[in-house]
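Dear colleague,

I am passing on a structure that I would like you to look through before we discuss it. Please find it below, followed by what was found in it.

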Amino acid sequence: MAVYQDTLTQQTRGRGTLDITQAVEHVVRASGITTGTCHVFQHHTSASLLITENADPDVRHDLETLIQRIAPDADPAYRHDMEGDDDMAAHARAMLTHNDLTLPVGHGRLVLGTWQGLFLWEHRYAPHSRRLTITIQGE
């Protein structure tokens with residue numbers, strides 16, 4: 001079994017989703033592994049990863065609306081607000097979603113459904129540089 005690992009840095013535009021499917025696909029192709037798994041880990045406590053609809057951006061807009069209801073900014077009950085009104089909400093959103101994803105690799109590519117894409121979900125208002133470690137295992 002072969003193992004390949006690379007680190008990517010992605011610049012977000014602030015709160016919202018960033019399609020990282022092609023960037024991760026590039027790492028999978030570079031690995032030379034044709035069958036196995038791809039693990040993506042993001043190193044931050046105020047961003048997350050998701051697999052969701054890649055055709056209609058309204059889906060991601062609606063997910064943002066939903067998460068705002070679950071973890072609103074500037075809730076007076078929050079104690080942690082050292083970096084602003086979005087500070088604790090961003091941590092809660094990251095905790096409720098995923099910091100990592102494992103995806104199948106087949107024929108040297110990510111095996112995703114027709115309408116699926118891989119997204120980095122920034123939970124802070126301001127743009128951030130986010131680091132991802134991608135590990136591919138297989139043959």
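A helix here is a DSSP run of H or I that holds at least four residues, with numbering that starts from the N terminus. Please keep in mind that this is a predicted model.

In that sense, Met95 is found in helix α3, and it is exposed, with a relative accessible area of 61%, where exposed means over 50%. Together with Leu66, Ile70 and Leu96, Met95 forms a nonpolar patch on the surface, and the accessible area of these residues together is about 410 Å². Two elements, α2 (57-70) and α3 (87-96), each give two or more residues to this nonpolar patch.

Helix α3 also has a buried set, made up of Asp87, Ala89, Ala90, Ala92, Arg93 and Ala94, and the buried residues of α3 pack against β4 (47-53) and α2.

Turning to the sheet, five strands form an open arrangement in the order β1-β8-β3-β5-β6, with antiparallel pairing. The edge strands, each of which pairs on one side only, are β1 (2-11) and β6 (109-110). Within the sheet, strand β3 (residues 36-42) runs antiparallel to strand β5 (residues 100-106), and six bridges join the two; across this pairing, Thr37 stands opposite Pro104 in β5. Helix α1 (residues 21-31) packs on the sheet, where it touches β1, β3, β5, β6 and β8 (129-138), and the direction of α1 makes about 155° with that of β1.

With kind regards

Note on methods
Residues numbered from 1 in each chain as written. Predicted model: local features only at pLDDT ≥ 70, side-chain atom pairs only at ≥ 80, totals over all residues. Heavy atoms only, no water. Patch = residues over 30% accessible without salt bridge, like charges linked within 9 Å, V, L, I, M, F, W, Y side chains within 5 Å. Areas by Shrake-Rupley, 256 points an atom, 1.4 Å probe, with all protein chains shown as cover. Salt bridge = Lys/Arg side-chain N within 4 Å of Asp/Glu carboxyl O. Buried < 20%, exposed > 50% of the residue type's maximum accessible area, 1.4 Å probe, protein only. Pairing = 2+ DSSP bridges. Contact = heavy atoms within 4.5 Å. Axes fitted to C-alpha atoms, helices over the stretch in contact; angles between N-to-C directions.
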